[in-house]
Amino acid sequence: MEKRSNLIEERRQKAKRLLERGVPIYPTGFRPQTSVEKIFSAYGQLSEEELEAKQIPCSVAGRIMALRNFGKACFLHLKDETGKIQVYVRKDKLGEEKYKNFKLMELGDIIGVKGHLFRTKTGELTVLADQVELLAKSLRPLPEKWHGLTDVETRYRQRYLDLIVNDPVREVFKTRSKIVQEFRSFFLSRGFMEVETPMMQPIPGGATARPFKTYHNALGMELYLRVAPELYLKRLIVGGFEKVFELNRNFRNEGISVKHNPEFTMLEFYVAYATYEDLMVLTEELFLHVVQQVFGKSEIEYQGNVIDFKGPWPRLSFFGALKELGGVSQKALEDRQEAAEYAESIGVKVDSKDSRGKILTKIFDHLVEPKLIQPHFVVDYPIEVSPLSRRSEKDPTIAERFELFIGGREIANGFNELNDPDDQRKRFEQQVAMREAGDEEAQFMDEDYIVALEHGMPPTAGEGIGIDRVVMLLTDSPSIRDVILFPHMRPRKN
RNA sequence: GGGCCGUUAGCUCAGUUUGGUAGAGCAGCGGACUUUUAAUCCGUUGGUCACAGGUUCGAUUCCUGUACGGCCCA
């Protein structure tokens, strides 16, 4: 049991005194008839005289965020989900006993107020209270009123405090909700079906990433938290659904950084009889739709750069971008050894087991990705880093794949799906070989998935979009933790 | 995993350079106050200085380690 500070003791004393006075401290049933936002939009323009003449009644509820006491009267600010409004409480309005009860309410308490609107001397729209009712006692003090809560650790661990006192944080999460809604409505309006596929998978597939492992007692089997929904969504394409999407969490057992949280939100969608070129066009429309719906314009600012979402966006080839933006020589593009030496020379660590494609990808991440601030598609990736993508007919070492970069970050990844079961088996076998050589991110053999492909999957293109990164971009947030309500933290000792 | 930085009252921060058990503002508590809005005025409580060792007569301060967090790199 934690030692209680004086502040908590004093709050508990007040709670006790309220109870002794017959005032319930956690009652139910108060129903506010309006919200702060509605009050301001309906009556915010009325003058002192108009308010006086109309005697507009109102009933609101919220948390006490500021108190200014005058002995026989008191001003307070009440905050609900939509905003803050001032309340004026007078002893002569409430009466002796009710006012005594009110004086036992304090900063942080949730109260309900009934009264009518007026304007103070300084012109602020205010509720003159006829009734003040305690709705929930707060037993702990709020962070300081002026400087608020800035300690990032507390902000993440006790996000509710962050949300109570830091309005910009509230805005980020409201915007996140709108963004997610717009993604969803875009796909629904274009005839996609939203589906849910397993989060717990016997074989984790669909991405090169280390999975979390868990255990099912009744079945006596190990299960993995999914790293991607991809292989299940494509089974649905085999099953005859032609346009599907899933918007939900993935789990990857990897480090935590400004760009990575162990669980993160991914949107994946698949379109039968489409190509990755079609998806690039769809993606341009999608982002423009989301940005315009949420912000009412097609440009946003991210970390000092104005980003314009109007398409079409440039398409660069992976190899061309490496050459032009990364300064990689033709020889290094073709030869693994040359590539490795170049990587080392620019401070990129190369593992002896890394393939040429893997090394080039690392160089790309280091030199090219940070330069792609405006939306850019990068197309045609090395086949060895694209084990689920269709092979190009023109060049079998190339995958028909694109990635989308915005703000110097990878935002989306899409490709023509590999629907040749024999080729898929070979690709899995290569992954298994890499896994056996010690690459814990390499993929597993999934026989069941190959059987699905053997039944015939229509030519399909699919794409995944990292929603957290999109939200970072659109809310000008430098860290993924600023857009995840409860980011992963180590437990605090004790 | 490596480097750098941080952790002092409920919150926001001083203080540590040069070792002698800590200060402010807000919040709280007591008092005054019926149009304030960072209300004001008077008085006042509150600290295992993250944790554990070491050096020292004496450590919040110096040293080492640990935990948690942040930034950068991998």
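Is R31 buried or exposed? Hold that thought for a moment, everyone.

First, some ground rules. This is a predicted model, where local features need pLDDT of at least 70, side-chain atom pairs count only at pLDDT 80 or more, and totals for chains, interfaces and linings use all residues. Residues are numbered from 1 along each chain as its sequence is written, chains are lettered from A and ligands numbered from 1 in the order in which they are written, and side-chain values use heavy atoms, leaving out hydrogens and water.

Back to R31. With a relative accessible area of 63%, R31 is exposed; that word means over 50%, while buried means under 20% and partly exposed lies in between, using a 1.4 Å probe and protein chains only. You'll find R31 in the loop between helix 1 (6-20) and helix 2 (36-43). Helices here are DSSP runs of H or I with at least four residues, strands are E runs of at least two, and both are numbered from the N terminus. From R31 to L19 is twelve residues in sequence and 22 Å in space, C-alpha to C-alpha.

Next, please look at helix 3, residues 48-54, where E49 sits. E49 counts as exposed because its relative accessibility is 59%.

Now let's zoom out. Chain A has 17 helices and 18 strands, and its C-alpha atoms fill a box of roughly 85 × 50 × 50 Å along the principal axes. Of its 494 residues, 49% are buried. Finally, take the contacts (heavy atoms within 4.5 Å): among those between residues at least 6 apart in sequence, 67% join residues at least 24 apart.
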